[in-house]
Amino acid sequence: TGLHIDKESILEQHHLIMPYEHNLNCRCLDSWNDNTNITHLTVGDVNQHQIDMKELLDEIMGKDALINTLSNTFIDTNCSCHSGRSLPITIYSHESISTSIT
């Protein structure tokens, strides 16, 4: 496997895999444009960045919902289950979440 970006290498590989009869009159690369520069090459799904961004935003929204649920939870400190003692509650944050999109 390999990635060839010059016409000669591609033509050589093409001739190696095609039958002799095809190569006698081959015009497969006649439309090749030698005046083009490759400035950006994407291998795979060209929309993968959008898919990744949506997944990350969904994850952030899920965490935001959990944080909002936990921060809005009412704890009755006067209930008999802990005999009137106050409950030590600490909320820790080990990461900051940025939702800015460029």
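A residue counts as buried under 20% relative accessible area, as exposed over 50%, and as partly exposed in between. On that scale Asp-58, with a relative accessible area of 44%, is partly exposed. The model discussed here is predicted.

**Salt bridges**

- Side chains of opposite charge can pair when their charged atoms come close.
- The count of salt bridges in this model comes to three.
- One of them joins Lys-54 to Asp-58, with an N to O distance of 2.8 Å.
- Lys-54 and Asp-58 both belong to helix α3, where they stand four residues apart, about one turn of the helix.
- Lys-54 is exposed, because its relative accessible area of 53% is over the 50% limit.
- Lys-63 and Glu-59 also meet through their side chains in a salt bridge, at 3.3 Å from N to O.
- About one helical turn separates Lys-63 and Glu-59, because they are four residues apart in helix α3.
- Lys-63 is partly exposed at 31% relative accessibility, and Glu-59 is partly exposed at 44%.
- A salt bridge also links Asp-30 with Arg-27, whose closest N and O atoms are 3.2 Å apart.
- Arg-27 counts as exposed at 64% relative accessibility, whereas Asp-30, at 45%, is partly exposed.

**Nonpolar surface patch**

- Which residues make the nonpolar surface patch? Leu-3, Ile-5, Ile-38, Leu-41 and Val-43 form this patch, which covers about 580 Å².
- Leu-41 is located in the loop between α2 (20-24) and α3 (48-71).
- Leu-41 has a relative accessible area of 53% and is therefore exposed.

**Second largest pocket**

- Rolling a probe the size of a water molecule over the atoms shows where empty space is left.
- The volume of the second largest pocket is about 160 Å³.
- Its lining consists of Ile-5, Asp-6, Lys-7, Trp-32, Asn-33, Asp-34, Thr-36, Asn-37 and Ile-38.
- Sorted by class, the lining of this pocket holds three nonpolar, three polar and three charged residues.

Note on methods:
Residues are numbered from 1 along each chain as its sequence is written. This is a predicted model: local features need pLDDT of at least 70, side-chain atom pairs count only at pLDDT 80 or more; totals for chains, interfaces and linings use all residues. Side-chain values use heavy atoms; hydrogens and water are left out. Patches are made of residues with over 30% relative accessible area and no salt bridge: like charges are joined within 9 Å, nonpolar side chains (Val, Leu, Ile, Met, Phe, Trp, Tyr) within 5 Å. Accessible areas come from the Shrake-Rupley method with a 1.4 Å probe; for residues, only the protein chains shown count as cover. A salt bridge is a side-chain nitrogen of Lys or Arg within 4 Å of a carboxyl oxygen of Asp or Glu. Helices (H or I, at least four residues) and strands (E, at least two) are DSSP runs, numbered from the N terminus. Buried means under 20% relative accessible area, exposed over 50%, partly exposed in between (1.4 Å probe, protein chains only). On a 1 Å grid over the protein atoms alone, a cavity is a set of points where a 1.4 Å probe fits but cannot get out, and a pocket is an open set with protein on both sides within 12 Å along at least five of seven lines; lining residues have an atom within 4 Å of a point. Grid points are joined across faces, edges and corners, and a volume is the space filled by probe spheres set on the points. Ala, Val, Leu, Ile, Met, Phe, Trp, Tyr, Cys and Pro count as nonpolar, Asp, Glu, Lys and Arg as charged, and the others, Gly among them, as polar.
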